[in-house]
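Trainee: I have a protein model to work through. Can we take it step by step?

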Amino acid sequence: MLWREPWLKPLIDYDLNSENCGFCKGKFNGLSFVTSCEFCGIDIMHDKCANSHILESHMSELKTKIVQHKDKPLHDFQ
Ligand SMILES: [Zn+2]
Ligand SMILES: [Zn+2]
């Protein structure tokens with residue numbers, strides 16, 4: 001789950017009562033962890049739905065992100 005980092009932003013202040021998940025169209029409840037997709041304009045989704053959405057719809061973008069992440073210089077070994 002290394003890729004679930006900065007580009008999945010938790011939106012804990014969102015008004016969950018009036019929104020449906022952009023992926024499964026299910027209701028949120030107060031305990032749902034929700035997130036938005038950085039790659040497209042889809043609505044907020046359950047955290048697990050966002051994972052599914054990104055894997056299904058954004059594999060190429062995701063791979064690019066991961067590559068960029070790994071390209072960061074590591075100063076620890078210098
Ligand atoms: Zn959902
Ligand atoms: Zn998306």
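Predicted model: local features only at pLDDT ≥ 70, side-chain atom pairs only at ≥ 80, totals over all residues.

Trainee: Is Lys25 buried or exposed?
Mentor: Count its neighbours. Lys25 has 10 C-beta neighbours inside 10 Å. The limit for exposed is 12 or fewer. Therefore Lys25 counts as exposed.

Trainee: Where is Lys25 found, and what is its phi?
Mentor: Lys25 sits in the loop between strand 1 and strand 2. Lys25 is not a glycine, yet its phi is positive. The value is about 65 degrees.

Trainee: Which class does Glu19 fall into, buried, exposed or partly exposed?
Mentor: Glu19 lies in the loop between strand 1 (8–10) and strand 2 (34–37). Glu19 has 16 C-beta neighbours inside 10 Å.

Trainee: How far apart in space are Glu19 and Asn29?
Mentor: In sequence, Glu19 and Asn29 are 10 residues apart. For the distance in space, go from C-alpha to C-alpha. That gives 9.7 Å.

Trainee: What pattern does the protein follow along the sequence?
Mentor: List the elements first. The protein has two helices and three strands. Now read them in order along the sequence: β-β-β-α-α.

Trainee: What percentage of the residues in the protein is buried?
Mentor: The protein has 78 residues. A buried residue needs 20 or more neighbours. Buried residues make up 15%.

Definitions and conventions:
Residues numbered from 1 in each chain as written. Chains lettered and ligands numbered in written order. Helix = DSSP H or I, 4+ residues; strand = E, 2+ residues; numbered from the N terminus.
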